[in-house]
Amino acid sequence: MQVSHKALRLMPKWNPCKRRVFIKKLVKLGFNAPEPGGRHFYMRYGTKVLTIPGNDEYSVPKLKMMIKELEKLIGRIITLEEWYEL
């Protein structure tokens, strides 16, 4: 069976993410608005704190690393599909 190029395009993949979009998604997950502090901003999830780098856009490896950190804070996995639905 041969897979067409169109079918391959429909499969979701990670893409770079703008900082403001990343912050909006975190707010939808229950994080408080960003707070300034030192060199970076911080976002709180209850008593836990996530550092937000100042980059305008996050590369795919950076985004994946930050999502893994965020998953540890909230105690569950964020799937690619869920990330795009936020």
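**Briefing: fold and salt bridges**

Among contacts (heavy atoms within 4.5 Å) in the protein between residues at least 6 apart in sequence, 53% join residues at least 24 apart. This is a predicted model, in which local features need pLDDT of at least 70 and side-chain atom pairs count only at pLDDT 80 or more, whereas totals for chains, interfaces and linings use all residues. Residues are numbered from 1 along each chain as its sequence is written, and side-chain values use heavy atoms, with hydrogens and water left out.

**Architecture and surface**

- The protein has four helices and five strands, taken as DSSP runs (helices H or I, at least four residues; strands E, at least two) and numbered from the N terminus, and their order from that terminus is α-β-α-β-β-β-β-α-α.
- Of the 86 residues, 28% count as buried, where buried means under 20% relative accessible area, exposed over 50%, and partly exposed in between (1.4 Å probe, protein chains only).

**Salt bridges**

- The whole structure holds three salt bridges, each defined as a side-chain nitrogen of Lys or Arg within 4 Å of a carboxyl oxygen of Asp or Glu.
- Lys18 and Glu57 pair at 3.5 Å, N to O, and this pair links distant parts of the chain, 39 residues apart, from strand β1 (residues 17-18) to strand β5 (residues 57-58).
- Lys18 is partly exposed at 42% relative accessible area, as is Glu57 at 39%.
- Glu35 and Arg44 form a salt bridge at 3.2 Å, N to O; Glu35 is partly exposed at 27%, and Arg44 is partly exposed at 34%.
- Arg76, partly exposed at 40%, meets Glu82 at 2.9 Å, N to O.
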